[in-house]
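Work through the exercises below on aromatic rings. Each task is followed by a solution in steps.

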Amino acid sequence: MPTSGPDLNRRIVAGLLATYLSKAKDRRLFLVHGRYPAAEPAEFSLPTSDGKRRGVRVAHAGSVLAITDAWQAHQAQDADLLVVTTDVSDEQVGLDLLGQMVGSRTITVDRPDIVKQRFGATDLDPRMYREQWQWLLDALIEAEPADNWPQRGAVLTLDAAVRALVGVRLSLESVVNGGSVDMDALLGWSRTELGPQQFAALAPDERAGITAWLAEAAGEAAPLLLRLVESGRGSDATALGVLASVLSDKEATAETAVALGSLFGGVGLRTSELRAYTRAVEGVLARWIGDAAAPGGAGESARARVLNVVDRADELAASAHLLPALAKNPLLPSGFRARLHRLAQGLVDGHEAAQAALHDLCEHQLAAHFFPERVRLAEMAVRLARWTATAETNVVSVEQAVHAHAADWGWVDRALAQLWVGDATDDPILDQAYRNVHDAARARRARLDEEFAAVLAPWARHACSTSSAGALLIEDVLRKVVVPLAKRRYPLILVLDGMSSAVAAQLGEELTTTGRWVELAPVAGRRTAAVAMMPSVTTISRAALLCGRPMNGGQSVEKDGFSSFWRQQEHKEAQLFHKGDIPGPAGHRLDAQLVAAIAAEEVVGVVLNTIDESLDHGQQSSVADWTVDSIKYLPELLNAARGQGRPVVLVSDHGHVLDRTPRDAGPTAATGVESARWRTGTAAPGEVALNGPRVSDGGIVAAWSEDIRYTPRKAGHHGGASLAELTVPVLVLAPTAELAPAGWSVLPRESTQPTWWEEPGAAPAAAIVAPPKATKPKAQAQPALATTTSGSATSVPTSEPTPSAGATLGKQVVATKIYESQRVYVRKSPDRKVVAAVIDALDAAGGTLSLAAVGAAVIASGGRAQTRSEGFVTMLTRLLNVEGYDVISLIDARTRVQLNRTTLREQFELPKATE
């Protein structure tokens, strides 16, 4: 009785013809054991080795008579090749047909031969002939893509065959050509629509075979993933892997395990397999999270992929009542919220508890790239908690208060402004915690403003350029700050109208972090700050700043006064550009005249109104956070100045306060109102009466309390007598420290931040006094002096150090034979004393400094100022990273330098540090 033949298709038939056609001679009838479905094409053409094509007709016949009829009909049509599939045995076929058949026998499908032919191979991996891999041969024949299988050489290996099959069956095209088959690829595939459907539709033996191979190729987590896919849970497979971490908690209960099992939908779970799957999912998500930091579309795509997974995981956890058990999970948004709530409690318990909770928050894997604004706000709250825990400082003079505001209290204002805007989500627990911190810090700031108003009134009665009690007046900024700079190189003066100390703190931090700019100051360790005219409004203070003397007027007065000042004081040409003078024509950000002026040998001033205009027209959220890019034209002007090697002076004409009055509160009722924050008449609570040579109209009443405004609400106001309004921050930036005038200092970022701004334990960097001029050191020269932030002086030897028992860490290193051997491989290596000074500066700061601070340490040791501090650090790595160990490295996006002191001692064979 004939046996039922295998199902054939066009590809199998074509493969058989390719194998047997060379033996056909002039015969045209092929009998093949099997069944050709009606859905397959009955006619097609076949290419031959001589470049021609032959026509093929395929028919199925269940009897000898049917075979005979098919052959006769084919001959009558004078067609080319006929293939008849049949279950009829050769014994039943007559001799007349046998004489017409190719090979005179029915052809039996030889799957290995067809597979070899389709892959262009002469042999197969011996394992593919075994019974356990017969499913693979059938699958390879059935699944061949339209553009054929890739040719794999003389021998088709088992791995190449399965890899090709997996690529087609699972729509993982990348693996066809040797791409990796790992959990990253499989988890991404599981979240597609087509691939999992194709896998679930495969025959059981093929699914089992592919699963076994993937377990070898992708690891032991693959089988569980494929079982989830097979059960229709592929889209949730990655999210379920996140939730499975709940079982690794020592406090996990049986109820937790049951709830998790219900989410896996009856898929068989083994403990070891589940742990492997959890580790694999967490590793893949960690890579996706890293990809989210990439700029552009790639980063956005990775970000969306991660959020899709973790948000779904939270939904599943909520449905199974697993959120409490997953509160410590470092991947779930719910875990991030739980950490925020612990931080809220920490703010109640004290700043040390809050700091610990902040550490925990920052360790959440979504913190840096998915919730940076919320992390920064939490950081601001912790900073304010630290500040309110410090001892209170009283205001004793205008000079002391203005500098304290620029160096310390303005940073408080910066944190307060951001905390006032609040968290982007509606979280009552967090909102209340932030409000409590905000209100406590603001109350303390209000006391400082009240004390400042008390010393301001008597000071204002006599204050002038010749009698300022040590305070720098805004009308003297050009003469005392900018003129010394102009003696070295023509500066660019950027007047950021309305810039407060809080805004200046943020801009200065951003600009000096990258290493492209260093900050300079006339007084070591202290950012420059001046006192605005009174009232602190634009028409009075800005004119005084740009004219170099008390003035009152608009743009024409400022232009004439600016040019006149530089001609009279320094015999230099100068141009001032206002808002309408800045924009260029289509395709150009800056006007050609402005660009030409920056490139010429003249002093250039530019007034930027973005901040002041935002106070008038913006929302509070838009004036609480200022970056360089948010100030129109500032990035372009900075780039132009740097391109010309110019120093830049960022200065304000006055500061501002944000409107924090209650939403339903109207203006404060008062007489003699002139502006939002000043009036004439008699002072009331929250106000101060001012008069004197620097006070307009012979006398005014100005509000020192931020709760007072005399006009309708705006985002912010100025003109009053608070520290934030009267303090004028002055930031001097230069592309290189070589532009520092004699006696000026380089201010590393660390030395401009108050001690409470960063976590306790980070030592501030010293402010380094620049040498008067670049001269060759004389023999037996006296030691140079470096002034520290405390005002003391330390000796910096100019001769080569001689190590002693009390030698610093840096001196010990550069005196070793290992260091001497390292120098051989570094062309033009720095002087030993320079390297030692940098090591010692890093050591004193706890192991980490900004690039600017490293550059300052180089200058202090008598070394040459670095145009690119990063290049100097690269040279240090060649000197100190012995045998490739990271003694020196760049961290935080290459903005800070880190010294591993333990590794340094080990590599240079120094004694261990004593406790």
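The model is predicted: local features need pLDDT of at least 70, side-chain atom pairs count only at pLDDT 80 or more, and totals for chains, interfaces and linings use all residues. Residues are numbered from 1 along each chain as its sequence is written, and side-chain values use heavy atoms, without hydrogens and water.

**Exercise 1.** Classify the pair of F119 and W149.

Solution. Rings of Phe, Tyr and Trp (its six-membered ring) pair if their centres lie within 6.5 Å; planes under 30 degrees apart are stacked, over 60 edge-to-face, the rest tilted. A search of the whole structure gives 8 aromatic pairs. For F119 and W149 the centres are 5.1 Å apart and the planes at 15°, so this pair is stacked. F119 belongs to helix α4 and W149 to the loop between α5 and β6, 30 residues apart; helices (H or I, at least four residues) and strands (E, at least two) are DSSP runs, numbered from the N terminus.

**Exercise 2.** Are F119 and W149 buried or exposed?

Solution. Buried means under 20% relative accessible area, exposed over 50%, partly exposed in between (1.4 Å probe, protein chains only). F119 has 0% and is therefore buried. W149 has 3%, so W149 is buried.

**Exercise 3.** Which residue lies over the face of W288?

Solution. The criterion is NZ of Lys or CZ of Arg within 6 Å of the ring centre and within 35 degrees of the ring normal. R305 lies over W288, 4.6 Å from the ring centre.
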